[in-house]
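The following note sets out points for a colleague who is reading the coordinates.

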Amino acid sequence: MTGPAVSATVIDAGVGNIGNLVRALRHLGAEVGITCDPAAIRSARCLVLPGVGAFRPPRERLRGAPEEAIRTALERGACLLGICIGYQLLFDSSEEFGTTDGLGLLGGRVTELPGGVPLPHIGWNRVFGVAEHPLLEGSTEDDHYYFVHSFAPEGVPEESVLGRCRHGRSFPAITSHGRVAGTQFHPEKSGAAGLRLLRNYLAWAHELEGGDGATPTGD
Amino acid sequence: MRATIEPTGLTRRIIPCLDVAAGRVVKGVQFKNLTDHGDPTEAAARYAAEGADEIVFLDITAAPERRDTDLDWVRRTAEQVFIPLSVGGGVRSVDDGRRLLLAGADKLGINTAAVAEPELLTRLAERFGSQCVVLSVDAKRRDDTAGEDPGWEVVTHGGRTPTGLDALEWILEGIQRGAGEILLTSIDSDGTKEGYDLELLRRASALSPVPVIASGGAGTLEHLGDALDTGAAAVLAASIFHQSTYSVGAVKEYLDRRYPIRIA
């Protein structure tokens, strides 16, 4: 790899298998740290918050010092990408098993997808209404991503929504506000389109311009 | 042209299946006369680049020989292939499942062990979530002696062992116990390239609330379309891909006219 190394700090909230996310980030040339230590989170520049399963266990794991460390890192100019449950954790609240407060970094609340379609929503679905954003550099209206979930955000300010998906209802599949972003789908399982989004995120968090030899590697 | 009023944009999946024996891709007719088809990681990477929506690995030697699934090729594949990977064969406990998921599998295929111990499906689903648990059912048509619908029997150990279970009843029980997906293989059709068992697929898709993956018998593009017509969520094929009869891309281009398909 030429140019400066990129790093990614994966916040391990203790639930689910994060191995394939770590493998994808390494494949793109990132040096990956895995931690829930507040000091490591505070000093990170490029944070990734993954999650699978239910909302509440990782929410409780982050409550207190790790959550404060995330806020401090963001104040210091870090970027944060939430994935799947990690994405849902970024919003104001979730209604999975009663109402639980989220991190409140993105506006909106997480609700169950309506019936009439198979749940969980598992498989490849199209993301449409794609906004102009560094994360979505090179993406098109025909890009599909891999989803595994039953809940999704709603009531999200329109200016924060970078792309939508349809399953029972239309929901924000990619959302960003400031240096906080998230995807309901799994970019690490979404083939070339997903790797491109992760590569864009690494470049965005490190304030790299595309194509100058300093971008992360991988196909 | 894309329909904009569909309640979902979910696509039908095209899944190459790699039968693995001793760390090599193999294929035979009705699980016999196995021939070598190369390295699993290389094959999976090639199919992913062509646009495969998922890769299913079946370690077909694991159950009869009762050895642990060799995990090195799973790790190597997960480091290079970034689409969902399903691995079946040799999962007999929650611990077996955990090792496979840590090696990089996204889904666990359970076949023989579930027949022997149906509670395993529940334990795996409770520990890892139903989305991880794929019940793999090998079904064989019963002899039509009484003149009425004989149905299909579940067979295990690569088709060698009859179980007495009715395939459709077993599918329903498996879903109730926690399976999130059904990989349904017709043992009569497998490897013949004469088409899927469409009646089996139609009956299974009609009763299953979870996705049914059609398997066994793909030989032509029409066969794959016929299988999706039964309501199957995905079509699995091996020979036509390994022998380069069709690329995954060519299959998707053909099916894209009739079904929502992800064109990578």
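1. In this predicted model, chain A contains an open sheet of 4 strands, in the order 6-5-7-10 and with mixed pairing. At its edges are strand 6 (100-101) and strand 10 (151-154) of chain A, each of which pairs on one side only. Within the sheet, strand 5 (residues 93-94) of chain A and strand 7 (residues 109-112) of chain A are paired in the parallel sense over 2 bridges. Here A:Ser94 is found opposite A:Val110 of strand 7 of chain A.

2. A:Phe97, which is not a glycine, has a positive phi of about 55 degrees. A:Phe97 sits in the loop between strand 5 and strand 6 of chain A. Is A:Phe97 buried or exposed? A:Phe97 counts as exposed because 9 other C-beta atoms lie within 10 Å of its own, and the cut-off for exposed is 12 or fewer. Elsewhere in chain A, the peptide bond from A:Leu119 to A:Pro120 is cis, with omega near 0 degrees. A:Pro120 belongs to the loop between strand 7 and strand 8 (121-126) of chain A.

3. A further loop position is A:Gly107, between strand 6 and strand 7 of chain A. A:Gly107 has 16 C-beta neighbours inside 10 Å and therefore counts as partly exposed. Leaving aside residues up to four places away in sequence, A:Gly107 touches A:Asp92, A:Val156, A:Pro157 and A:Ser160. Between A:Gly107 and A:Ala192 there are 85 residues in sequence and 29 Å in space, taken C-alpha to C-alpha.

4. Chain A also has an open sheet of 7 strands, with mixed pairing and the order 2-1-3-4-13-12-11. Strand 2 (30-35) and strand 11 (161-167) of chain A are at the edges; each has a single partner strand, so one side of each is without a neighbour in the sheet. From one strand to the next, the twist averages 25 degrees. Strand 1 (residues 6-11) of chain A pairs with strand 2 of chain A in the parallel sense over 6 bridges, and A:Ser7 stands opposite A:Glu31 of strand 2 of chain A.

5. Which helices lie across the strands of this sheet? Helix 1 (residues 19-27) of chain A lies across strand 1, strand 2, strand 3 (46-49) and strand 4 (79-83) of chain A, and runs at about 155 degrees to strand 2 of chain A. Helix 6 (residues 191-205) of chain A lies across strand 1, strand 2, strand 3, strand 4 and strand 13 (180-183) of chain A, running at about 160 degrees to strand 4 of chain A.

6. In chain B, attention may be given to strand 5 (residues 85-88), from which B:Leu85 and B:Val87 point one way and B:Ser86 and B:Gly88 the other, all of them buried. Strand 5 of chain B pairs in the parallel sense with strand 4 (residues 55-59) of chain B over 4 bridges, and B:Leu58 stands opposite B:Gly88. Strand 5 of chain B also pairs in the parallel sense with strand 6 (residues 107-110) of chain B, over 3 bridges. The bridge partner of B:Val87 in strand 6 of chain B is B:Leu108.

7. How do two helices of chain B pack, and at what angle? Helix 4 (residues 94-103) and helix 6 (residues 119-128) of chain B pack at an angle of about 45 degrees, with their axes 10 Å apart. Helix 4 and helix 6 of chain B are therefore oblique to each other, and their crossing is right-handed. Helix 4 of chain B contributes B:Val94, B:Gly97 and B:Leu101, which meet B:Arg123, B:Leu124, B:Arg127 and B:Phe128 of helix 6 of chain B. By class, this contact has 4 nonpolar, 1 polar and 2 charged residues.

8. Chain B has its own non-glycine residue with a positive phi: B:Lys193, at about 60 degrees. B:Lys193 is in the loop between strand 10 (181-186) and helix 8 (198-207) of chain B. B:Lys193 counts as partly exposed because 17 C-beta neighbours lie inside 10 Å.

9. The last point concerns the interface. In total, 22 residues of chain B are in contact with 29 residues of chain A. The side of chain B that touches chain A comprises 11 nonpolar, 6 polar and 5 charged residues.

Methods. Residues are numbered from 1 along each chain as its sequence is written. Chains are lettered from A and ligands numbered from 1 in the order in which they are written. This is a predicted model: local features need pLDDT of at least 70, side-chain atom pairs count only at pLDDT 80 or more; totals for chains, interfaces and linings use all residues. Two residues are in contact if their C-beta atoms, placed from the backbone, lie within 7 Å. Ala, Val, Leu, Ile, Met, Phe, Trp, Tyr, Cys and Pro count as nonpolar, Asp, Glu, Lys and Arg as charged, and the others, Gly among them, as polar. Two strands pair if DSSP finds at least two bridges between them. A residue is buried if 20 or more other C-beta atoms lie within 10 Å of its own, exposed if 12 or fewer, and partly exposed in between; C-beta atoms are placed from the backbone. Axes are lines fitted to C-alpha atoms, for helices over the stretch in contact, and angles run from 0 to 180 degrees between N-to-C directions. Angles under 35 degrees count as roughly parallel, over 145 as roughly antiparallel, 65 to 115 as roughly perpendicular and the rest as oblique. A crossing is left-handed if the near helix is turned anticlockwise from the far one by less than a right angle, and right-handed if clockwise.
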